[in-house]
Amino acid sequence: MDDALNRHFLDWKQPAIESAIQWCVDRYLNPHGELDLGNLTIITPGRRASRLFLSHLVDHCQSNRIALIPPSLCTPSNIAREILRYQYPQASEMSKKLAWVKALQDTDPHNLSVIMPNPPEPSRWDQWMGLASWLQSTTSQLSDAGLRMNQVRDRAESLLLDSELQRWDILGLIQNRYEQLLLDHATVDDHLESLKCIRRSNFQDQAQHDFVFLGVPELGYIPRSCITQSPHQFTALVFAPESMSVRFDEFGCVKTSEWIDFDLDIEESRIQFSMDPISMCEEGLAQLAKRSNPLDTTSCVIGLADETILGTLRRTTAMISPSPGITIHDPAGKLVRDTSVGRLIELIYNFLGEQTYTTLSALIRHPHFEQALTARYTEEYPDKRPPNANWLHAVDELIHDHALVSSKQLPQGVRESTETQARFVLNATLVILDQLTQLPISETTLDEWSARLILTLKRIYNSVEIDESSLNHRIHINQIQAVQSIHEDLLIAKSHGHDLPKLSATSALSIILSRLGEIHIPDLPSANSIESVGWLELALDPSPIAVVLGMNDSAIPGSVTHDPLLPGTLRAQLSMRTNTDRLARDSYLMTAISKSRDAVFMTARTSTSNEPTTPSRLLFQSEGKRLASRMRRFVDHEADKSTQYKLSQPIKPSSIDQSLRQLTIGKDYQPPESMSVTEFDAYLRSPASWYIDRALRLREIQTDARELNALQIGNLAHAVLDSFGKDETMRVLDDPFKINSALQHLLNDRFIHTHGSTHPGAIKVQFELLSYRLQLFAEHQSMRTKMGWVITHTEWTPPESAKTQLDTDDQPMLLRGKVDRIDIHPDGKIAVIDYKTGRVTDPIKAHFSGDKWIKLQLPLYRHLVAELIDGRELELGYAGLPSSESDDVWKTAQWDQEQLDDADRTAVRIVNEIRALKPGDPLPEGDFPPNAGIAGFITGHRFESGGFELIESEDSTQDRGDQ
């Protein structure tokens with residue numbers, strides 16, 4: 001019925017929701033003071049807008065003492081379900097996917113090759129499910145234009161090649177088979193069934209009902225057909241002044257031709273360009289603080305034009321906030337895959353698919369799995385205290401010190417305590433996961449795997465104390481229930497007659513994880529949070545202040561033609577939504593957002609990976625000098641004269657905000673009674689780093705490495721050279737071939753002893769490179785032996801009775817250390833040698849920079865070997881493992897006595913400084929602080945936040961640390 005639709009325009013002078021509520025009151029309030037909306041359905045662009053409308057409607061009625069009968073609420077995609085009469089119930093999501101897979105697999109292989117030359121292997125059900133999702137998306141898009149796949153040929157035959165027409169013909173056959181499979185199980189696809197119902201005018205038999213579209217900028221074929229054919233009354237509440245009525249069609253939707261070149265006419269100060277996403281989030285928060293001071297979170301909203309920056313925004317808000325305790329609330333919530341339970345399932349999937357110590361280490365780091373391990377340990381050893389952290393340390397040690405990959409091997413060189421704990425962790429993990437590891441693939445269907453996954457989760461979470469009255473714990477329950485819903489979906493599909501695939505545990509978990517990536521869990525409510533809203537629903541948000549982040553072109557307007565099956569020209573021919581339609585829609589939305597509130601639109605010049613980004617073309621939808629000026633501001637940040645705001649006043653950190661505090665000496669600090677010679681070097685590099693490493697004995701280890709790090713290679717080389725020097729037969733050899741043979745034998749034995757017998761390719765390459773370096777070293781060792789030098793000690797430490805010490809102004813400092821190698825020459829010389837795994841450097845340059853010592857290791861060695869010198873001439877130097885035949889191996893430092901005495905004075909100064917440290921004293925970073933990892937964060941620059949100050953563009957190039 002063409003006369004069934006009315007249009008009513010809501011001016012931008014007040015929020016659309018408030019205007020819509022007043023329209024409802026004016027139209028439906030009866031003489032008894034009752035607002036009866038029981039026969040009304042409000043249709044909004046998204047579910048959040050529906051919730052906001054209902055919430056504000058209830059508040060309005062309560063404040064005005066109006067009795068309310070609330071309306072129904074839905075989104076445009078659900079209109080057909082409200083109006084059309086389906087013969088059969090709608091199939092579940094899993095039923096649809098299974099039907100698509102069955103339709104694909106039933107297709108003749110020759111025909112299937114026309115669509116995909118290389119279809120997945122029959123056992124790769126995760127890939128088949130991915131294809132099913134793709135076909136379901138294509139069906140949805142075509143249905144939105146009123147088409148089935150077999151109608152594409154008729155609409156676009158003149159446009160497509162014969163091969164493309166053949167592809168669409170086969171896709172049409174597959175879609176027919178898919179639809180028949182659903183009908184065989186007494187279910188239907190809602191998109192395809194809606195098209196049939198519309199053609200048959202098959203509308204539900206019900207009393208007169210009113211439908212109101214609130215701020216809906218676009219409608220597809222199905223809702224438009226429902227409007228024109230349904231006997232019900234439809235009204236479009238258009239969020240725009242009536243003076244712009246010509247820019248909207250009869251359905252109240254955007255006319256593409258009227259908005260595509262529309263001058264948005266946005267004030268220059270409302271468009272901001274930042275250097276990167278972090279700066280954009282910082283400056284966005286400052287814009288809110290400036291516009292609402294003190295900050296009122298109920299009057300502000302953050303629009304996410306690019307929703308991928310939500311994580312950056314949350315992290316930035318946690319570190320820098322306009323006022324303490326502010327958080328970001330996402331009404332859409334998290335995808336279950338990104339939650340704690342979803343992450344646990346993904347870690348289990350990774351471990352089952354690749355049983356390595358790396359995947360095991362990641363799994364046992366999950367706090368809930370660790371609690372399950374604790375319960376398992378208590379069950380096995382009720383009289384022992386659970387070691388907890390030692391489990392993780394044991395597994396990490398196998399990765400870091402032994403570079404082990406496969407969890408199925410433990411080399412002989414592993415310490416007994418480490419081996420015991422690692423074996424417990426591995427065995428206990430396999431027991432906890434036995435529901436997913438014990439069943440043969442040939443007997444296990446997808447629904448049974450999902451049931452076994454639920455049993456596994458229950459086994460894990462039985463060890464976790466969950467309080468159902470706690471909102472935080474309730475979230476965990478909701479996440480597990482989301483997994484349960486997938487299992488129930490599979491059971492429904494099975495009950496309808498769908499054949500569930502038999503597959504491996506990892507394939508089953510992959511399919512379940514993919515489905516969990518489509519299910520949302522709402523965020524926890526928070527009284528002190530700023531709402532983040534998606535682009536399509538921002539115009540209807542009633543907040544008077546908005547900052548829109550991520551206005552880059554890939555997001556706004558983005559593209560709807562990236563699908564190779566439906567390129568832009570074909571979409572236009574099929575009357576589908578195109579990039580031009582998307583641009584027009586977003587042009588209207590940006591206008592509505594900017595005209596109805598105090599809004600700022602922001603974009604970053606670079607991405608988080610420092611790649612240049614393209615700003616949204618909507619930011620430049622202007623003309624003349626204004627366009628030229630705006631373009632110059634973007635390309636030349638120094639020319640950007642816009643007023644910016646930056647958070648400046650520091651917020652006092654709370655007691656738990658340790659990351660915001662300067663590193664200071666702890667209350668339990670006691671000056672060391674002895675120091676190793678390398679500790680002096682560590683202190684010279686960075687006192688803060690020395691304290692973390694040597695005083696607190698904290699060591700950061702890598703658990704994701706697939707090759708040996710420099711320390712591991714150095715330890716391996718040192719162990720080989722130590723064994724060579726201690727063997728009385730080997731160390732006197734002067735034949736380079738025999739020396740090399742001995743070194744290679746020692747290397748192979750040590751390598752297997754430490755790192756096992758199976759290794760990834762990268763480690764094998766490292767082994768061969770070290771083997772080659774030792775081969776070159778053999779030549780130089782041969783020449784040194786022929787010159788008369790004899791190895792007398794390797795990995796030598798002075799006896800405890802020696803009491804090696806450094807004299808200071810106070811009491812002497814005991815020195816510790818281990819000398820890599822000591823040689824003696826027949827002429828009486830003694831050489832103290834420190835091995836270097838790589839190319840050897842000049843020891844003097846390594847120890848001295850400018851006018852100060854940067855290392856003291858070699859000078860302090862002379863105190864350790866004092867009892868061995870016995871009047872001999874002493875040489876201090878390095879020995880390296882050459883990478884080529886031309887590399888030097890031996891490098892000697894020629895220091896005179898005054899220089900050595902100066903080194904001692906530097907060492908004494910360090911001792912005095914370390915002894916003078918008291919609890920609470922700040923620790924300087926030094927010249928070479930750690931710049932990576934946790935230690936780098938602890939000793940690095942801190943964020944300071946709070947308040948805001950005006951920052952002119954001339955300061956935009958100033959270093960952020962200075963700001």
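## A loop residue with positive phi

In which loop is Ser 201 found? Ser 201 belongs to the loop between helix 9 (190–200) and strand 6 (210–214); helices (H or I, at least four residues) and strands (E, at least two) are DSSP runs, numbered from the N terminus. The phi angle of Ser 201 is near 55 degrees, a positive value in a residue other than glycine. With a relative accessible area of 46%, Ser 201 is partly exposed; buried means under 20% relative accessible area, exposed over 50%, and partly exposed in between (1.4 Å probe, protein chains only).

A positive phi, of about 50 degrees, also occurs at Asp 870, which is not a glycine. Asp 870 lies in the loop between helix 33 (866–869) and strand 25 (874–880), and at 66% relative accessibility it counts as exposed.

## Basis and confidence of the model

The model is predicted: local features need pLDDT of at least 70, side-chain atom pairs count only at pLDDT 80 or more, and totals for chains, interfaces and linings use all residues. Residues are numbered from 1 along each chain as its sequence is written, and side-chain values use heavy atoms, with hydrogens and water left out.

The protein chain averages a pLDDT of 87, and 92% of the residues score at least 70; pLDDT is the predictor's confidence in each residue, from 0 to 100. Over residues 649–660 the pLDDT stays under 50, and the model has 18 contacts beyond four places in sequence for this stretch, a contact being heavy atoms within 4.5 Å. The pLDDT is also below 50 over residues 941–963, a stretch with 60 contacts beyond near neighbours in sequence. Where pLDDT is low, the predicted coordinates should not be read in detail.

## Cysteines

The structure holds 0 disulfides, a disulfide being a pair of cysteine sulfur atoms within 2.5 Å. Cys 197 is buried, with a relative accessible area of 0%. Cys 226 likewise counts as buried, at 0% relative accessibility.

## Helix 21

Helix 21 (residues 505–516) has 12 residues and reaches 16 Å from its first C-alpha to its last, close to the 16 Å expected at 1.5 Å a residue; the expected span is 1.5 Å times one less than the number of residues. Because 10 of its 12 residues are buried, helix 21 is largely enclosed by the rest of the structure. Among the buried residues are Ala 505, Ser 507, Leu 509, Ile 512 and Arg 515.

## Cis peptide bonds

A cis peptide bond joins Asn 293 and Pro 294, with omega about 5 degrees. Pro 294 is placed in the loop between helix 12 (277–291) and strand 9 (300–304).

The peptide bond from Ile 556 to Pro 557 is cis as well, with omega near 5 degrees. Pro 557 is found in the loop between strand 14 (545–549) and helix 23 (568–573).

## Salt bridges

A search of the whole structure finds 52 salt bridges, each a side-chain nitrogen of Lys or Arg within 4 Å of a carboxyl oxygen of Asp or Glu. Asp 190 and Arg 81 meet through their side chains at 3.3 Å, N to O. This pair links distant parts of the chain, with Asp 190 in helix 9 and Arg 81 in helix 3 (residues 79–83), 109 residues apart. Asp 190 is buried at 7% relative accessibility, whereas Arg 81 is partly exposed at 41%. The salt bridge of Asp 265 and Arg 626 has an N to O distance of 2.9 Å. Here too distant parts of the chain are linked: Asp 265 is in the loop between helix 11 (256–259) and strand 8 (271–274), and Arg 626 is in helix 25 (residues 624–635), 361 residues apart.

The side chains of Asp 902 and Arg 905 form a salt bridge at 3.5 Å, N to O. Both residues lie in helix 34 (residues 897–916), 3 residues apart, about one turn of the helix. An α-helix has 3.6 residues a turn, so residues three or four places apart point the same way. Elsewhere, a network of salt bridges links Asp 144, Glu 218, Arg 577, Arg 585 and Asp 586.
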